[in-house]
Amino acid sequence: MSEGFTTEAAAFDRYAAEYDEALAQGLAVSGEDKTYFARERVAWLKGVLARLNHSPAAVLDFGCGTGSSTPFLLAIGRVTTLVGVDVSARSLEQARREHGATGARFLQIADHQAQGTIDLAFCNGVFHHIPPADRGAAVRHVHRSLRPGGLFAFWENNPWNPGSRYVMSRIPFDRDAIMLTPREARALLRENGFEIVRTDFLFIFPRMLRWLRAIEPRVSSLPLGAQYQVLARRPN
């Protein structure tokens with residue numbers, strides 16, 4: 001895709017060995033770890049897919065990093081194929097070591113052929129690392145990968161949430177990232193061929209207030225959470 005992707009690949013190759021440690025440093029203020037957030041994102045998505053009667057067999061994890069979402073995506077329904085793609089060779093090596101035995105495949109984005117066979121594409125915190133000029137090309141790659149009617153679960157950090165900004169400021173590879181508002185994310189997806197299905201906000205309360213998390217589903221349409229998901233569809 002373009003020179004911006006090469007720059008990001010070099011940055012994440014540099015951080016790959018310390019990725020978990022750096023991420024944990026940022027997330028510590030929430031009282032949770034990366035596994036909690038990976039699990040809860042996919043659990044939320046699974047519930048949304050069930051209500052839409054969408055049971056994916058083929059899944060693409062776009063910008064999979066070290067594969068944190070892999071075990072949860074494999075359990076989302078009747079998944080038989082999961083491909084994780086990323087620009088960072090070192091991150092992919094770690095993903096293969098940790099999750100290769102699950103049957104998931106991990107590829108460089110440049111080696112991934114978009115063939116219109118994917119039922120569900122997923123990404124988390126990827127696009128704030130992609131230079132704005134390259135974001136359209138990335139979305140179009142996902143669009144070409146999906147079958148008609150396929151869904152794209154686009155997760156990003158919410159720039160309207162001060163906690164999200166604070167966490168990012170504590171993570172070396174996130175400090176200079178260019179965040180997207182939900183409105184910008186929806187516009188990006190529409191401009192590159194997607195229909196918007198819904199937008200949800202998640203992760204309002206830290207662990208110390210976890211007893212309040214039961215109300216989060218009732219206020220998920222409000223822009224309060226530290227992350228948001230825009231669910232988009234490739235038209236039939």
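V87 sits in the loop that links β2 (81-86) to α5 (89-99); helices (H or I, at least four residues) and strands (E, at least two) are DSSP runs, numbered from the N terminus. This is a predicted model, in which local features need pLDDT of at least 70 and side-chain atom pairs count only at pLDDT 80 or more, while totals for chains, interfaces and linings use all residues. Residues are numbered from 1 along each chain as its sequence is written, and side-chain values use heavy atoms, leaving out hydrogens and water.

In sequence, V87 and C64 are 23 residues apart, and their C-alpha atoms are 9.2 Å apart in space.

| Residue | Relative accessible area | Class |
|---|---|---|
| V87 | 18% | buried |
| C64 | 8% | buried |
| C123 | 0% | buried |
| W211 | 64% | exposed |

Now to the cysteines. Searching the whole structure turns up zero disulfides, a disulfide being a pair of cysteine sulfur atoms within 2.5 Å. C64 is in none; its nearest cysteine sulfur, in C123, is 12 Å away.

Finally, W211 belongs to the loop between β6 (195-202) and β7 (227-233).

Key: Buried means under 20% relative accessible area, exposed over 50%, partly exposed in between (1.4 Å probe, protein chains only).
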